[in-house]
Amino acid sequence: AARLYERAHLTEAACIHAICGAELAAIRAFGLRNPVCVIRNGVTAPTRGVADRPLWRASLPADARILLFLGRLTPKKGLTNLIRAWSAFRQRAGTRASAWHLVIAGWGADGYVAGLRSLTADLGLGSSVHFIGPQHDAAKDATFDASDAFILPSVSEGLPMAILEAWQHGLPVLMTPQCNLPEGIAHGAGIAVMPDIDSLTAGLADLASWPPSRLAAMGHAGRALVAAHFSWPAVAEDFSAVYEWICRGGVRPGCVDIW
């Protein structure tokens, strides 16, 4: 495809859009020398109000602390290592771990999801790991609102919308560098973990050791970060500046990388 037409499309583009620094690096590694604008995805603010309590929450203890994963259930999300790390965390953290429950929301290939469920059962985690299926629209907002923290242990991502949504709902986030959101760590909205079992176990132990006030402060930092940099008005302003520069010239926007 590159030889027939795609490279010509790319090399003749006035500007190429990347959603993160990793995509910019991949574009340059492919050999393209065009201007590249790095503009993040935008996220729509949730409708504020009193959310209905999600059905899955009623089956857990009233004082349970909820660590949420929400997204597609695929190997690149690192869920196998997360479940194994959860087992190690439960064994090592003692009473600090007992209050926490891991809620896995999403959909995936039947065989892969069956494997995750089987691993959970084999490790004796059925009382603390819960598969609640896909959550959409109001149910998704209610699931975020019913949670205390969010985790995304991916080994590969572009720019995960689920983290932006978690921050919008005021949740602290455990995430890997592969999530391509280093500003979340820099702004105190997340905990950096690697996708291996040992690092995930240590990150879970850190999460369980922190008081609610610290977790709330991280969530507030995430909400402020999204409002400043990932809201649609902020994204639209960057795109408008890029189109203005392409069409009329003038000062190059700061989001545009020149080779």
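Start with helix α7 and helix α10, the latter covering residues 212-229. Their axes come within 7 Å and cross at roughly 115°. The crossing of α7 and α10 is left-handed. From α7, the contact uses Leu-164, Trp-167 and Gln-168. From α10, the partners are Gly-219, Gly-222, Arg-223, Leu-225 and Val-226. By class, the α7 and α10 contact has 4 nonpolar, 3 polar and 1 charged residues. Keep in mind throughout that this is a predicted model.

Next, helix α3, residues 79-93. I'll take two of its packing partners.

Partner one is helix α9, residues 197-209. The axes of α3 and α9 are 8 Å apart, and the packing angle is about 50°. Is that roughly parallel or oblique? Roughly parallel needs an angle under 35 degrees, and roughly perpendicular starts at 65. So α3 is oblique to α9. The crossing of α3 and α9 is right-handed. On the α3 side, look for Asn-81, Leu-82, Arg-84, Ala-85, Trp-86, Ala-88, Phe-89 and Arg-92. On the α9 side, look for Ile-197, Leu-200, Thr-201, Leu-204, Ala-205 and Ala-208. The α3 and α9 contact residues divide into 10 nonpolar, 2 polar and 2 charged.

Partner two is helix α5, residues 110-122. Here the packing angle with α3 is about 10°, and the axes are 10 Å apart. With the cut-off at 35 degrees, α3 and α5 therefore count as roughly parallel to each other. Leu-79, Thr-80, Ile-83 and Arg-84 come from α3. Tyr-112, Leu-116, Leu-119 and Thr-120 meet them from α5. That contact between α3 and α5 divides into 5 nonpolar, 2 polar and 1 charged. Note Arg-84: it is in the α3 list for α9, and it is in the α3 list for α5.

Now Pro-153. Where does it sit? In the loop between β6, residues 149-152, and α7, residues 161-168. Buried or exposed? Pro-153 has 0% relative accessibility, so it counts as buried. Leave out residues up to four places away in sequence, and Pro-153 touches Phe-69, Lys-77, Gly-78, Leu-82, Thr-176, Pro-195 and Leu-200. Take Lys-77 from that set. Pro-153 and Lys-77 are 76 residues apart in sequence, yet their C-alpha atoms are 5.9 Å apart in space. Leu-82 and Leu-200 touch Pro-153, and both belong to the contact of α3 with α9.

On to Val-129, in strand β5, residues 129-133. Val-129 has a relative accessible area of 5%, so it is buried. Beyond its neighbours within four places in sequence, Val-129 is in contact with Trp-86, Leu-102, Ile-104 and Thr-120. Trp-86 is an α3 residue from the α9 contact. Thr-120 is an α5 residue from the α3 contact. For a distance, take Val-129 and Ser-87: 42 residues apart in sequence, 9.7 Å C-alpha to C-alpha.

Aromatics next. With ring centres within 6.5 Å as the rule, the count is 2 aromatic pairs. One of them is Phe-144 with Phe-150. The centres are 6.0 Å apart and the planes are at 40°, a tilted pair. Phe-144 is buried at 1% relative accessible area. Phe-150 is buried as well, at 0%.

Now the backbone. Most residues other than glycine have a negative phi. Asp-137 has phi near 55°. Asp-137 lies in helix α6, residues 137-145, and at 64% relative accessibility it is exposed. Asn-180 has phi of about 60°. Asn-180 is in the loop between β7, residues 173-175, and α8, residues 182-186. At 14% relative accessibility, Asn-180 counts as buried.

Last stop, Phe-30. It lies in the loop between α2, residues 21-29, and β2, residues 36-38. Its relative accessible area is 39%, so Phe-30 is partly exposed. Outside four places in sequence, Phe-30 touches Arg-7 and Leu-10. From Phe-30 to His-101, 71 residues along the chain, the C-alpha separation is 43 Å.

That's my tour. Questions, please.

Methods:
Residues are numbered from 1 along each chain as its sequence is written. This is a predicted model: local features need pLDDT of at least 70, side-chain atom pairs count only at pLDDT 80 or more; totals for chains, interfaces and linings use all residues. Side-chain values use heavy atoms; hydrogens and water are left out. Axes are lines fitted to C-alpha atoms, for helices over the stretch in contact, and angles run from 0 to 180 degrees between N-to-C directions. Helices (H or I, at least four residues) and strands (E, at least two) are DSSP runs, numbered from the N terminus. Angles under 35 degrees count as roughly parallel, over 145 as roughly antiparallel, 65 to 115 as roughly perpendicular and the rest as oblique. A crossing is left-handed if the near helix is turned anticlockwise from the far one by less than a right angle, and right-handed if clockwise. Contact means heavy atoms within 4.5 Å. Ala, Val, Leu, Ile, Met, Phe, Trp, Tyr, Cys and Pro count as nonpolar, Asp, Glu, Lys and Arg as charged, and the others, Gly among them, as polar. Rings of Phe, Tyr and Trp (its six-membered ring) pair if their centres lie within 6.5 Å; planes under 30 degrees apart count as stacked, over 60 as edge-to-face and the rest as tilted. Buried means under 20% relative accessible area, exposed over 50%, partly exposed in between (1.4 Å probe, protein chains only).
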